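Work through the following exercises with the sequence and the model side by side. Each one sets a task and then takes the solution step by step.

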Amino acid sequence: MTSSPRTAVPAPRWVTVFNPIAKTLLGAGVPLGYNALLTIRGRKSGVPRTTPIAIIDVDGRRWVWAPFGEVHWVQNLRAAGRATITIRGRTEDVRATELDDSERLAFFRDVLRRVAHDMPLGIQSIKLVDRVDLDDPTTAAEGRPVFELTRVA
């Protein structure tokens, strides 16, 4: 895979403040809901970059999504096609496959919406924190990359 020609956008300020805290806690094995650590080689530097991210796990399939669009981890994952995830102190190498438009719409409509409905205040939290309205999956899917993660044997 090659690097994306798209320009990376900055994450909201609160994310840059919260991420170091979440990274420390997750690195120590503290469970934080769906959150885990995603480590990807930088697309330009080759240096491993680690970020906390929600991993959606349903029926043995796993996805990561980018509520804020073309952030740096998205471009790194797209370029590398592989990553390491760390969940409660356990690491696993994964292959990342970006979903196309129709698959991404199905993810928001059929997977993420269902997961959010099963969480206390899930729909409201995603709407408030991520600024994503899961009751409108077509709009939710626009400009928000989603990757399916599969274990590398």
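**Exercise 1. Determine which residues Phe108 is in contact with, leaving aside its neighbours within four places in sequence.**

Solution. Begin with the criterion, by which contact means heavy atoms within 4.5 Å. Applied to Phe108 in this predicted model, it gives Trp65, Arg113, Val132, Leu134, Pro137, Ala140, Ala141, Arg144 and Val146. Next consider accessibility, where buried means under 20% relative accessible area, exposed over 50% and partly exposed in between, with a 1.4 Å probe and protein chains only. Phe108 counts as buried because its relative accessibility is 0%.

Two remarks on conventions apply throughout: residues are numbered from 1 along each chain as its sequence is written, and side-chain values use heavy atoms, with hydrogens and water left out. Since the model is predicted, local features need pLDDT of at least 70 and side-chain atom pairs count only at pLDDT 80 or more, while totals for chains, interfaces and linings use all residues.

**Exercise 2. Describe the largest nonpolar core and find which element gives the most to this core.**

Solution. A nonpolar core is a set of buried Ala, Val, Leu, Ile, Met, Phe, Trp, Tyr and Cys residues joined through side-chain atoms within 4.5 Å. The largest one has 18 residues, of which Ile56, Trp63, Trp65, Phe107, Phe108, Leu112 and Leu134 touch the most other members. Helices (H or I, at least four residues) and strands (E, at least two) are DSSP runs, numbered from the N terminus. Those that give two or more residues to this core are strands E3 (56–58) and E4 (61–65), together with helices H3 (101–118), H4 (122–129) and H5 (137–141). H3 gives the most, with six residues. A second, separate core has 17 residues, including Ile53, Val64, Val71 and Ile85.

**Exercise 3. Classify the ring pairs Trp73 with Phe147 and Phe107 with Phe108.**

Solution. Rings of Phe, Tyr and Trp (for Trp, its six-membered ring) pair if their centres lie within 6.5 Å, and planes under 30 degrees apart count as stacked, over 60 as edge-to-face and the rest as tilted. The structure holds four aromatic pairs. For Trp73 and Phe147 the centres are 6.4 Å apart and the planes at 55°, so the pair is tilted. Trp73 lies in helix H2 (residues 72–80) and Phe147 in strand E7 (residues 146–151), so this pair ties together parts that are 74 residues apart in sequence. Both Trp73 and Phe147 are buried. For Phe107 and Phe108 the centres are 5.3 Å apart and the planes at 85°, so that pair is edge-to-face. Phe107 counts as buried at 2% relative accessibility. Finally, ring pairs link Trp63, Trp65, Phe107 and Phe108 into a cluster.
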